[in-house]
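The sequence and the model are shown first.

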Amino acid sequence: VSLLPFFVTILYSIDSFPLTATNIPVRKLCLLKSLATSNSDYSVAFCSGDEESISRAAKFMVDSFWLPQGISATPTIQYGGFTWAVAEDLMQRYGETLGARTFDSRLVVATPRDDSAIIGMVAVDVTLISAEQTLMRNRGESESILKDAINALGPKQRRQYKGSSIQNIVESLLPPQKAVVVLSNLAVNPPFRRNGVALKLCNEVERIAKEDWGFDELYLRVESSNVAARALYETQLSYRLAW
């Protein structure tokens, strides 16, 4: 069982820049966004996925994402053990692999230009969604479902999909499901909040989805009761409700 929520709880979609967002299972958020510039006292980059970088990311995630939510109040979970478990989960999802993943994924981190300490982080994954069922799957489920569909094909049929994008393969083999990009686990170190770090991380995720992976939608899930998060996504980032 993954210890990290696959989503931060709101869902967004980039539609050639209008962006849409979805709140599953309750409703979908449709967001239009005007990209803004922010200060350049820090930079964003991909987590390399080696053991050291994943360990640093896990410690940051525990300190800046989980502890503020009260996870330390759970007596059966010790800090070191929980951080190790988060690192194992991150390694499985974003660590180095011998070959390419069927569904792309990346960790994006923000660091000060004069320091290596992580001040912000966000995850981005490709996964399956069924809009009709308001159902979003985690990447493990998505890979298993697609693998089964491909294995059911004959050799000649499989060759037809050689070189095809993941979007086209899923659209052909798994309707009404579709492949989408999901932003999750956005976190910023408290002393660096309200300085444009979250905005810069989100903008980089948008760039990855559109330019690197060729998607025109970006999803993010958020709890409807999370007033602070919704203020960020809907007000500061200019997203509007779509579903």
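The model is predicted. The protein chain has 7 helices and 8 strands. Of its 243 residues, 47% count as buried. Among contacts in the chain with a separation of 6 or more, 72% are between residues 24 or more positions apart. The accessible surface of the chain is about 12,100 Å², and carbon and sulfur atoms hold 50% of that area.

Helix α1 spans residues 51-66, and its buried residues include Ile 54, Ala 57, Ala 58, Phe 60, Met 61, Val 62, Phe 65 and Trp 66. Ser 53 and Ser 64 of α1 are buried as well. The cover over the buried residues of α1 includes one helix, α2, and the strands β4, β5 and β7.

| Element covering α1 | Residues |
|---|---|
| α2 | 79-94 |
| β4 | 105-112 |
| β5 | 120-130 |
| β7 | 178-188 |

How do α3 and α5 pack, and at what angle? Helix α3 (residues 139-151) meets helix α5 (residues 166-173) at about 70 degrees, and the axes lie 11 Å apart. An angle of 65 to 115 degrees counts as roughly perpendicular, so α3 is roughly perpendicular to α5. The crossing of the two helices is left-handed.

On the α3 side, the contact is made by Leu 146, Ala 149 and Ile 150; on the α5 side, by Ile 166, Ile 169, Val 170 and Leu 173. By class, this contact has 7 nonpolar residues, with no polar and no charged ones.

How values were computed. Residues numbered from 1 in each chain as written. Predicted model: local features only at pLDDT ≥ 70, side-chain atom pairs only at ≥ 80, totals over all residues. Heavy atoms only, no water. Helix = DSSP H or I, 4+ residues; strand = E, 2+ residues; numbered from the N terminus. Buried < 20%, exposed > 50% of the residue type's maximum accessible area, 1.4 Å probe, protein only. Contact = heavy atoms within 4.5 Å. Areas by Shrake-Rupley, 256 points an atom, 1.4 Å probe, with all protein chains shown as cover. Axes fitted to C-alpha atoms, helices over the stretch in contact; angles between N-to-C directions. Parallel < 35°, antiparallel > 145°, perpendicular 65-115°, else oblique. Left-handed = near helix turned anticlockwise from the far one by under 90°. Nonpolar A, V, L, I, M, F, W, Y, C, P; charged D, E, K, R; others polar.
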